[in-house]
Amino acid sequence: MLRLLTFAVVVAWPLSTGQASAQAIPDRPEGLRFAPSRFDPPPVAGLRFELRNGLPVYVVPDRTLPLVDVVLALPVGDRNEGPGEDGLASMTAAMARRGGAGELGPEELDDEVDALGARLQESSSWARTVLVLDTGSEALDRGLELLASILFEPRFDEQRLAQAKDSLRVSLLAEGDDPRTVLDREWSRLVHGPASPRNRRLTEASLAAFQREALIRFHRRHWRPEGAVIAVSGDVEGEALVARLDDLFGGWEASGGTVDETMEVPAESASPGAGRRGTRPEIAAAYPGWWLVDRQGTQAALALGHRGAAFNSWDHRDRWALMLLAEILDGPGAVSRLRSRLQLEEGLTYRVLTWFDLDVVPSGTGRGRPPAPSAGEFRIFLETAPESVAVAAAAVLEELRRLRRGDVADAEVATARRSLAARLPLLFDRAEVIAGRYAEDELLGRPHEYWSLYRQRLGTVTVTDLRRVAQRYIDMDGIALLVVGDSAAVQAGRGAGELGRLLGSPAGVPD
């Protein structure tokens with residue numbers, strides 16, 4: 001029997017409750033004054049349902065257009081691959097869609113999806129596999145049937161699989177010609193160590209292992225309801241839709257036994273460079289220092305950083321402080337030290353991107369919750385002329401040292417806090433985003449209250465907190481710098497000697 005968790009129906013909600021008050025027109029624009037804008041995330045009450053097997057479903061109606069978006073997410077990805085299964089998670093997801101399903105062969109499935117005017121797509125990443133259906137509301141019922149057949153009865157057609165393998169072989173031949181691809185591959189080895197599952201890469205041996213039987217085994221072992229979630233938005237009525245979903249997906253039962261997961265090797269055992277130069281292995285890169293991959297060209301790509309942080313709670317005080325710290329260092333909003341210095345002031349790059357993964361380790365296994373991941377990474381990426389690499393890298397290192405010294409003004413913190421808070425409404429600005437956001441909460445074990453506390457928690461972060469977390473989570477002795485570019489030009493460039501004194505002499509990446 002279908003269990004409806006709450007009966008309230010939410011159709012619309014105000015994105016801002018701030019009201020502009022009447023005021024005299026000032027002589028100059030600076031004289032304009034506005035009441036503070038107030039945004040509250042839409043209530044989750046009335047949006048969450050459960051199927052009879054406990055599978056959570058989030059439904060956000062939007063009758064603006066006769067369109068429906070359905071997303072089914074599984075906590076399955078590259079991390080579930082065992083030895084010799086490199087790339088198998090992504091190939092399984094791709095062929096579940098492209099290889100036919102149920103009674104329909106590949107061409108028949110393609111034709112029926114096209115006849116519906118729908119899109120039925122798949123994707124897979126490190127920890128997530130997603131099936132997406134976009135369709136008109138009049139074709140929703142048949143679209144859901146096709147989605148269910150792909151989930152439960154993929155055919156993994158041999159001919160389509162052979163075609164996919166041929167395409168991947170062509171991609172492998174060109175892989176070494178793309179500096180970004182080379183950078184990503186070698187960076188992961190330097191940061192996480194050669195034993196980490198994050199470093200699995202497609203090879204000819206991997207392609208040879210992509211046999212139909214291997215895809216079937218991976219699908220049976222890992223495509224299960226534990227931890228899965230469905231998000232639906234658009235021209236739907238909640239209870240009627242969930243009743244139909246219950247018909248199609250409510251009988252999907254767990255296979256029993258323990259969840260078969262491939263755990264990432266702990267940082268300490270995966271890190272041959274751990275402990276070098278007094279670094280702390282949970283933060284430091286596996287191979288700290290300066291590493292060069294010689295590639296001729298007018299631009300060099302570089303990455304700088306080390307492993308990321310991991311927390312046991314979404315409400316950990318350090319996590320909020322690191323969010324604010326990352327915003328100050330290189331946020332997309334009104335304040336970015338790296339963008340201001342490297343792009344606007346010194347003209348060293350036209351693009352700089354920063355990642356600071358703030359992984360949360362679930363405190364308990366929960367309903368189908370996967371094993372806790374190890375920490376992600378802290379990475380700064382930019383592209384510049386080869387002769388400017390040393391100057392650009394030294395500038396980044398200087399900005400990191402400034403943060404560790406606590407060289408942050410109250411006004412800068414306030415601007416960063418406003419910038420983060422101003423982007424919060426964009427995380428709930430459309431029905432499909434709202435459904436996806438709350439479904440992602442379920443997938444990650446993140447409490448829905450996280451969003452209602454968002455501004456309040458950011459408001460408690462102080463300059464002292466920023467200095468403390470910078471000193472704790474930015475390990476200057478454990479940093480790896482990887483450069484892919486013209487090696488001779490990089491080493492002859494301005495500032496190369498000084499950078500060498502900071503990070504050691506540049507070397508080729510370790511085997």
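A helix, as the word is used here, is a DSSP run of H or I with at least four residues, and helices are numbered from the N terminus. By that rule, Ile-328 belongs to helix α9, which covers residues 317-330. The model on screen is a predicted one.

**Whole chain**

Show the whole chain as a cartoon. The secondary structure comes to 18 helices and 14 strands. Of the 511 residues in the chain, 51% are buried. Now consider contacts between residues with a separation of 6 or more: 82% of these come from residues 24 or more positions apart.

**Stop 1: Ile-328**

Select Ile-328 in helix α9. Is Ile-328 buried or exposed? Its relative accessibility is 0%, so Ile-328 counts as buried. Next, select what Ile-328 touches, leaving aside neighbours within four places in sequence: Val-335, Ser-336, Arg-337, Leu-403, Val-408, Glu-412, Val-413, Ala-416 and Leu-466. Ile-328 and Arg-417 are 89 residues apart in sequence, and 9.1 Å separates their C-alpha atoms in space.

**Stop 2: Arg-337**

Arg-337 lies in helix α10, residues 337-345. Arg-337 has a relative accessible area of 8%, and because buried means under 20%, it is buried. Not counting residues up to four places away in sequence, Arg-337 touches Ile-328, Leu-329, Glu-399, Arg-402, Leu-403, Asp-407, Val-408 and Glu-412.

Arg-337 is also part of a network of salt bridges. To see the network, show the side chains of Arg-337, Arg-341, Glu-346, Glu-398, Glu-399, Arg-402, Asp-407 and Glu-412.

**Stop 3**

Side chains of opposite charge can pair when their charged atoms come close. How many salt bridges does the structure hold? There are 45. Three of them follow.

Select Asp-141 and Arg-244. Their side chains form a salt bridge, with 2.5 Å from N to O. This pair links distant parts of the chain, 103 residues apart: Asp-141 is in helix α3 (residues 140-152) and Arg-244 is in helix α8 (residues 238-249). Asp-141 is partly exposed at 37% relative accessible area, and Arg-244 is partly exposed at 22%.

Move to Arg-468 and Asp-465, a salt bridge whose closest N and O atoms are 3.2 Å apart. Both residues sit in helix α16 (residues 463-473); they are three residues apart, so about one helical turn separates them. Asp-465 is buried, with a relative accessible area of 8%, whereas Arg-468 is partly exposed at 32%.

An α-helix has 3.6 residues a turn, so residues three or four places apart point the same way. Glu-498 counts as partly exposed at 40% relative accessibility, and Arg-501 is exposed at 64%.

**Stop 4: helices α2 and α3**

Return to α3, the helix that holds Asp-141, and colour it together with α2, residues 106-116. Two packed helices are described by the angle between their axes and the distance between the axes. Here the angle is about 155 degrees and the axes are 11 Å apart. Angles over 145 degrees count as roughly antiparallel, so α2 is roughly antiparallel to α3. The crossing of α2 past α3 is left-handed.

Show the side chains where they meet: Leu-109, Glu-112, Val-113 and Leu-116 from α2, and Arg-142, Gly-143, Leu-146 and Ile-150 from α3. By class, this contact has five nonpolar residues, one polar and two charged.

**Stop 5: Phe-156**

Continue from α3 into the loop that joins it to α4, and select Phe-156 there. Phe-156 is not a glycine, yet its phi is positive, about 50 degrees. Phe-156 is buried, at 2% relative accessible area.

**Stop 6: helix α7**

Finish with helix α7, residues 212-222. Which residues of α7 are buried? They are Ala-214, Leu-215, Ile-216, Phe-218, His-219 and His-222. To see what they pack against, colour α1 (88-98), α3, α4 (158-174) and α6 (204-209).

Key:
Residues numbered from 1 in each chain as written. Predicted model: local features only at pLDDT ≥ 70, side-chain atom pairs only at ≥ 80, totals over all residues. Heavy atoms only, no water. Salt bridge = Lys/Arg side-chain N within 4 Å of Asp/Glu carboxyl O. Helix = DSSP H or I, 4+ residues; strand = E, 2+ residues; numbered from the N terminus. Buried < 20%, exposed > 50% of the residue type's maximum accessible area, 1.4 Å probe, protein only. Axes fitted to C-alpha atoms, helices over the stretch in contact; angles between N-to-C directions. Parallel < 35°, antiparallel > 145°, perpendicular 65-115°, else oblique. Left-handed = near helix turned anticlockwise from the far one by under 90°. Contact = heavy atoms within 4.5 Å. Nonpolar A, V, L, I, M, F, W, Y, C, P; charged D, E, K, R; others polar.
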